[in-house]
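This report covers a helix pair and a sheet with a helix across it. The structure is shown first.

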Amino acid sequence: MRRVLGLLLTGILALSACAPSAPGAPGTPGTPSATVAETTTAAAPEPVQMTRQVGVQLFQWNWNSIARECTDVLGPNQFAFVLLSPAQEHIQGEQWWTSYQPVSYRIESKLGTRAEFQAMVEACHAAGVKVIADAVINHMAGIDGGTGVAGTAFTHKDYPGLYTEADFNTCATPSGNIENYMDQQQIQECQLSGLADLRTGEPYVREQIVGYLTDLLSLGVDGFRIDAAKHMPAADVEAIVGALDGDPIIISEVIRGSGEPIQPEDYLGAGDVFAFQFAKDIAGIVPGGAVRRALDVRDGSVPSEQAFTFITNHDTERNRQTLTYKDKDKYHLANLLMLAVPYGTPTLYGGYAFTDRDAGVPQVDGVVSDVECAEPRTDAKYEPGQWVCDHRTYAGLAQWVAAVGDAEPANVWQEGYAVAFDRGDLGLLAINGNSTKSIEPVLTTNLPDGLYCDAVVATECPEGQFEVKDGKVKVTVEPMTAAALSVNLRATR
Ligand code: LM2
Ligand code: CA
């Protein structure tokens, strides 16, 4: 958006008769008498309409920090949405996962107050960024009892004014917990690691959950991640989201397990799903370098429009089911592949460095401190607790994705461990999966003639770096990275 505004201003200057010529207009250096026609031809080509698509999960970011990120980074770079950590009251503690043990549905947590939450939604909306809340509705706390961060006293199966023992499932396994993922009833009616499991089929329980989600909608949220969706019957999730006003975005978290009785496809009636298999398949492709295969990756039979793709999330980066920031250039390459291909809605990730999987982010008096992003490092040698703001690295590509929209790959070129393709006639991306050798192919492209910059490293294009002429362009790509051209990132002079 910053760049579009820049172009707009250039246009206004060019049209204003008494304004001096745009700086550096060819053939008219320092001449104040440049004609309108000359200045107009020198201006950058008209940008195409952008459709925001790329989102980012900002794990354990407090509301104030998210508001600032929307204003300063996400909005200006055409990000579509931000996925939050859970907003409801939760158990006390230093670990990150206290967020996933609800104690009440008050919007009052270590991440901020209700007022801060509301201000954050307003700031994000003002920046054109949608807000997706993380809805923990399958269960309540897993501990015997205590007092929540907003002062609510509770025991494992008693939450005053909200739920009592009768609102929770009982379960036949010896531990009361899920022990066998091949047994649908266990998965949905037993406890997920000791977390008190709600009877989501009961009208009263559904009413409370719908009330909570409706409250979040009243604060302006645009949609929900349905935490632990696999652990609730799809019919329950459908009934709950069906009772909500409007048409919020619903993204169910259903981790695909091969041969399991419950699959992500079962939840497509409730909305969209996270594409766990996509993340795992990309993680499988990258180390071998056969990056061309990324074009064919799908998540089971989940259609593109209903798949939210990601490379890592807060769980998979801890259980190492996917690549993570610790994988350095492999992680980078995986993110590039996700952004390059037309399948799904890409969700980037911003979290923090850790060695202990339970370690939370710094808190003062139970309140998470504001985010200060660490300087990006290619060696991944962050101190534990440092904020890893990788998503900012992809600001130019978020704009690239917004510009290419859903245009299909064309002119696919492949050689060794590299692949390149157009996206319609709006963009081109060349990616080099070789970890030692750079590539320098001359590619056939549908892009119009002109001088282009690289959206992998730039958000603005004062001077071009790659020249497209008569349907050909020579690009140079270093090992384990990409070059990305889009019609919206062409030289302004
Ligand atoms: C999710 N999706 O389905 C979240 O993405 C995941 O992060 C949550 O687990 C889980 N489901 C429940 O919402 C995390 C974390 C667990 C943690 C739980 C609850 O990965 O380690 O469990 O949140 O806070 C912790 C302890 C566990 C204990 C449990 C209950 O690690 O040992 O189980 O609390 O006290 C006895
Ligand atoms: Ca359940």
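## Helix crossing

H6 and H7 cross in a right-handed sense; a crossing is right-handed if the near helix is turned clockwise from the far one by less than a right angle, and left-handed if anticlockwise. In this predicted model, local features need pLDDT of at least 70, side-chain atom pairs count only at pLDDT 80 or more, and totals for chains, interfaces and linings use all residues. Residues are numbered from 1 along each chain as its sequence is written, and side-chain values use heavy atoms, without hydrogens and water.

Helix H6 (residues 203-218) packs against helix H7 (residues 234-242) at about 50°, with 9 Å between the axes. Helices (H or I, at least four residues) and strands (E, at least two) are DSSP runs, numbered from the N terminus. Axes are lines fitted to C-alpha atoms, for helices over the stretch in contact, and angles run from 0 to 180 degrees between N-to-C directions.

From H6, Arg206, Ile209, Val210 and Leu213 meet Ala235, Asp236, Ala239 and Ile240 of H7 (contact: heavy atoms within 4.5 Å).

## Sheet and covering helix

Four strands form an open sheet in the order S14-S15-S16-S21, with antiparallel pairing (pairing: at least two DSSP bridges between two strands).

Strand S15 (residues 418-423) and strand S16 (residues 427-432) run antiparallel and are joined by six bridges. Ala420 stands opposite Ala430 in S16. Helix H10 (residues 329-340) lies across S15, S16 and S21, at about 155° to S16.

How values were computed. Chains lettered and ligands numbered in written order.
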